[in-house]
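User: Hi! Could you walk me through this structure?
Analyst: Happy to, here it is.

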Amino acid sequence: FNDQLSEQEAQKLAKKLYAETKGIRVKGSFKKSGARARWWRQIDEFEGGTESAMFNRLEAIAAADMPRTPVLGCGVSSALQPKNLSKSKSNQFKTSRINWVVQSSAVDYLHLMLVSMQHLCEEYDIKARLCITIHDEVRYLVADEDVGRAAFALHITNLLVRALFAWKMG
C-alpha cells in the first residue's frame with residue numbers, strides 16, 4: 001500500500017499490473033463451438049500476460065453452455081447458466097460465472113485434499129484427525145509421534161491434487 005500515490009498514478013499502476021498479468025485482449029481465431037462443434041465463432045483472448053492462459057481458460061469455462069468445474073465437473077446454478085439468460089444479460093453475469101469457477105474449483109481442491117489425506121492416514125496408520133477447514137486452510141490434530149509423517153502426507157496430498165488439476169486443465 002502506498003498512500004503517497006495520486007489517484008491518477010494508482011490507476012496507471014493498476015492498468016500496468018493488469019496488462020502484465022492478464023495481458024491484452026486481442027481478436028482471436030475462429031474456433032468450433034456447440035455440442036458437436038458445428039458452429040464457428042470468433043474467440044477474443046488475452047495475450048502477453050503472465051496469466052493469460054489461465055484467464056482464457058476461465059472465460060472459456062464460464063462461457064460454456066453448461067459451465068462445470070474442470071476437475072470434479074460440478075455444474076453452475078441454473079440461475080447463471082448462459083442458456084437461461086438473455087443475450088443482453090449473459091455478459092452481465094460473466095464475472096459471476098468466472099468467480100464461480102474459481103471458488104468452486106477451490107472447493108473441489110479442498111475436497112480432493114481431504115479424501116487423499118484420509119486415504120494416506122488410513123493406509124500408513126498415521127494418527128491424525130481433521131479438526132477444521134477454513135477457506136484454503138486445513139488443520140489436523142496429530143499424535144506427537146506422527147507429526148512428521150502427517151506433514152509429509154499433506155505434502156504428498158498437495159502434490160497429487162495439484163497434479164490432477166494440471167492434468168485436467170491440459
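User: Is the crossing where helix 4 passes helix 5 right-handed or left-handed?
Analyst: Helix 4 passes helix 5 in a right-handed crossing. A crossing is left-handed if the near helix is turned anticlockwise from the far one by less than a right angle, and right-handed if clockwise. Helices (H or I, at least four residues) and strands (E, at least two) are DSSP runs, numbered from the N terminus.

User: Before we go on, what kind of model is this?
Analyst: This is a predicted model, where local features need pLDDT of at least 70, side-chain atom pairs count only at pLDDT 80 or more, and totals for chains, interfaces and linings use all residues. Residues are numbered from 1 along each chain as its sequence is written, and side-chain values use heavy atoms, with hydrogens and water left out.

User: Back to the helices: at roughly what angle do the axes of helix 4 and helix 5 cross?
Analyst: The axes of helix 4 (residues 94-123) and helix 5 (residues 147-169) cross at roughly 135° and come within 9 Å. Axes are lines fitted to C-alpha atoms, for helices over the stretch in contact, and angles run from 0 to 180 degrees between N-to-C directions.

User: What does that make helix 4 relative to helix 5?
Analyst: Helix 4 is oblique to helix 5. Angles under 35 degrees count as roughly parallel, over 145 as roughly antiparallel, 65 to 115 as roughly perpendicular and the rest as oblique.

User: New topic: where does D125 lie?
Analyst: D125 lies in the loop between helix 4 and strand 3 (128-134). Its phi is near 50°, a positive value in a residue other than glycine.
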